[in-house]
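Hi,

Here is the structure I promised to send over.

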Amino acid sequence: MINDQASSLRRKMEQINNSKKHAKTISVVSGKGGVGKSNFTLNFALKLSEQKKSVLIIDLDIGMGNIDILLGLQAKYSIVQMYENSLSIQDIIEEGPNSISYIAAGSGLSKIFTMNEAMLNYFLDEFSTITSDFDYIFFDMGAGASDDSLSFILATDECIVVTTPEPTAMMDAYAMIKHIHQKNPNLPFYLLINRASSIEEGKRVIQKLQKVSEHFLAKSITALGVLPYDKKVAKAVIAQVPFTLYDPQALASRTIAQLVNQYLTNTINIDKKAPSSFISKLKRLSQFN
Ligand SMILES: Nc1ncnc2c1ncn2[C@@H]1O[C@H](COP(=O)(O)OP(=O)(O)OP(=O)(O)O)[C@@H](O)[C@H]1O
Ligand SMILES: [Mg+2]
């Protein structure tokens, strides 16, 4: 049975590797909670979409997903329902503004992270059918890392670590980087400082974290940028409208647009990228440990 599943997964992976285009998979993580991962992911995705990129957000914040809440939308289905009702992944992809797509976390999602091999294969099988449909697939993670969510993070192509300038958040961000790096030293990290009182403050935080990572882990981390504190963000959250749509001229909105431009100009052309290794890495790393 397990052999059957493994060979069917291998066949799937071969199909993926043979197709032309693959989404870049990006996990968005933090040590401390509430630092702005979901708001960043959503608005970064919206701005990428304005640049004609097709984007999917998968909300993997276990049992506490909120992408649909931030969008002011009610998802018809979630990952949990995919299992419960044997739906395809296409069935649970919802349409958001700017033609972004998203998959809601649903309640009781914790099941997915303790799933057995058959369930993981089901997810991977389904996931593999959509990797050529998007340019970018974001995994909006919960704070910290459980063993299971770590498997997803380690399998992505890139990891964006979000922190605020608070020393507690910075410490937790570093702990997270260290934890992930020890498991996969090749995973590229990007660092986003959110809620900075000034760009200078944010830059100082980036430099500190880069220095510490280089010194203790011999790991260089790319600066994604600094997102300033902007009270419009909280207003947009209350209005349940993504802040870049709520007020495109707000400081946070203009800054996100700049960050997307910088990110895109530093990024290797997606079509020239090696085939996504998400599936194979997830399969290898999780190994149902
Ligand atoms: N740049 C910002 N300026 C001002 N407030 C912000 C900013 N970014 C986020 N916030 C505030 O922080 C709150 C938490 O943000 P968000 O839900 O995106 O964090 P999170 O890291 O996804 O949280 P969790 O760990 O619970 O998933 C928002 O509701 C908003 O009020
Ligand atoms: Mg969140």
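Let's start with two helices: Met170, Tyr174, Ile177, Lys178 and His181 in H9 meet Val205, Lys208, Leu209, Val212, Ser213, Phe216 and Leu217 in H10, where contact means heavy atoms within 4.5 Å. By class, that contact has eight nonpolar, two polar and two charged residues (Ala, Val, Leu, Ile, Met, Phe, Trp, Tyr, Cys and Pro count as nonpolar, Asp, Glu, Lys and Arg as charged, and the others, Gly among them, as polar). H9 (residues 167–183) and H10 (residues 199–217) pack at about 35°, with their axes 11 Å apart; axes are lines fitted to C-alpha atoms over the stretch in contact, and angles run from 0 to 180 degrees between N-to-C directions. Helices are DSSP runs (H or I, at least four residues) numbered from the N terminus.

Before going on, the ground rules: this is a predicted model, with local features needing pLDDT of at least 70, side-chain atom pairs counting only at pLDDT 80 or more, and totals for chains, interfaces and linings using all residues. Residues are numbered from 1 along each chain as written, chains are lettered from A and ligands numbered from 1 in the order written, and side-chain values use heavy atoms, without hydrogens and water.

Next pair: H2 (residues 37–50) and H13 (residues 251–266) pack at about 65°, axes 9 Å apart. Phe40, Asn43, Phe44, Lys47 and Leu48 are the H2 side of that contact, which has nine nonpolar, two polar and one charged residues in total.

Phe40 and Phe44 also belong to one aromatic cluster with Tyr136, Phe138, Tyr190 and Tyr263 (rings of Phe, Tyr and Trp, its six-membered ring, pair if their centres lie within 6.5 Å). The count of aromatic pairs comes to ten.

As for ligand 1, 17 residues surround it (a heavy atom within 4 Å), and Gly34, Lys37, Ser38, Asn39 and Asn194 are the closest. A polar side-chain atom of Asn39 lies 2.8 Å from a ligand oxygen (polar contacts are N or O pairs within 3.5 Å).

Cheers

Methods: Phe/Tyr/Trp six-rings, centres within 6.5 Å; stacked < 30°, edge-to-face > 60°. Polar contact = N/O pair within 3.5 Å; in protein donor to acceptor, adjacent residues only side chain to side chain.
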